[in-house]
Amino acid sequence: MKVKLDKNLCVGCGLCEENLPEVFRTGDYTAELKKDELPDDMKTKIEEIIEDCPADAISISETSAES
Ligand code: SF4
């Protein structure tokens with residue numbers, strides 16, 4: 001599962017970092033991803049954060065392609 005962050009939408013509220021600091025970090029104006037490839041067992045947690053993000057800046061995509 002890949003997580004994406006649209007910095008053009010992010011308002012830098014810091015909520016995602018507060019909820020999941022191992023994945024998100026709040027930079028000067030927007031959040032940043034510390035990592036974008038996440039294990040599937042984090043999906044529920046990420047979905048909660050997507051719900052909570054006031055800017056709808058976070059999304060996930062399933063990665064079915066094996067590399
Ligand atoms: S919760 Fe959304 S708007 Fe807030 S810092 Fe994270 S990505 Fe940006």
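Trainee: Before we talk about overall size, which rule sets the radius of gyration of a globule?

Mentor: The rule is 2.2 Å times the number of residues to the power 0.38, with the radius taken over C-alpha atoms. Keep in mind that this is a predicted model.

Trainee: Good, then how do you know that the radius of gyration agrees with a compact globule?

Mentor: For 67 residues the rule gives a value near 11 Å, and the protein has 11 Å, so the two agree. Along the principal axes, the C-alpha atoms fill a box of roughly 35 × 20 × 20 Å.

Trainee: And what is the order of the elements from the N terminus on?

Mentor: They run β-α-β-β-α-β, which comes to 2 helices and 4 strands. Of the contacts with a separation of 6 or more, 57% are between residues 24 or more positions apart.

Trainee: Let's turn to the charges. What makes Glu37 and Lys2 a salt bridge?

Mentor: The cut-off is 4 Å between a side-chain nitrogen of Lys or Arg and a carboxyl oxygen of Asp or Glu. The closest N and O atoms of Glu37 and Lys2 are 3.3 Å apart, so the pair is within the cut-off and counts as a salt bridge. Glu37 lies in the loop between strand E3 and helix H2, and Lys2 in strand E1, so the pair ties together parts that are 35 residues apart in sequence. Lys2 and Glu37 also belong to a salt-bridge network with Asp36.

Trainee: Why is Glu37 called partly exposed?

Mentor: Buried means under 20% relative accessible area and exposed means over 50%. Glu37 has 41%, so the label is partly exposed. Lys2, with 29%, is partly exposed for that reason too.

Trainee: How do you know that Arg25 forms a salt bridge with Glu32?

Mentor: Their closest N and O atoms are 2.4 Å apart, and the cut-off is 4 Å, so the pair qualifies. Arg25 is partly exposed at 40% relative accessibility, and Glu32 is partly exposed at 23%.

Trainee: What makes Lys43 and Glu62 a link between distant parts of the chain?

Mentor: The two residues form a salt bridge, with the closest N and O atoms 3.1 Å apart. Lys43 sits in helix H2 and Glu62 in the segment after strand E4, 19 residues apart. Lys43 is partly exposed, with a relative accessible area of 29%.

Trainee: How many salt bridges does the structure hold?

Mentor: There are 4 salt bridges.

Note on methods. Residues numbered from 1 in each chain as written. Predicted model: local features only at pLDDT ≥ 70, side-chain atom pairs only at ≥ 80, totals over all residues. Heavy atoms only, no water. Contact = heavy atoms within 4.5 Å. Buried < 20%, exposed > 50% of the residue type's maximum accessible area, 1.4 Å probe, protein only.
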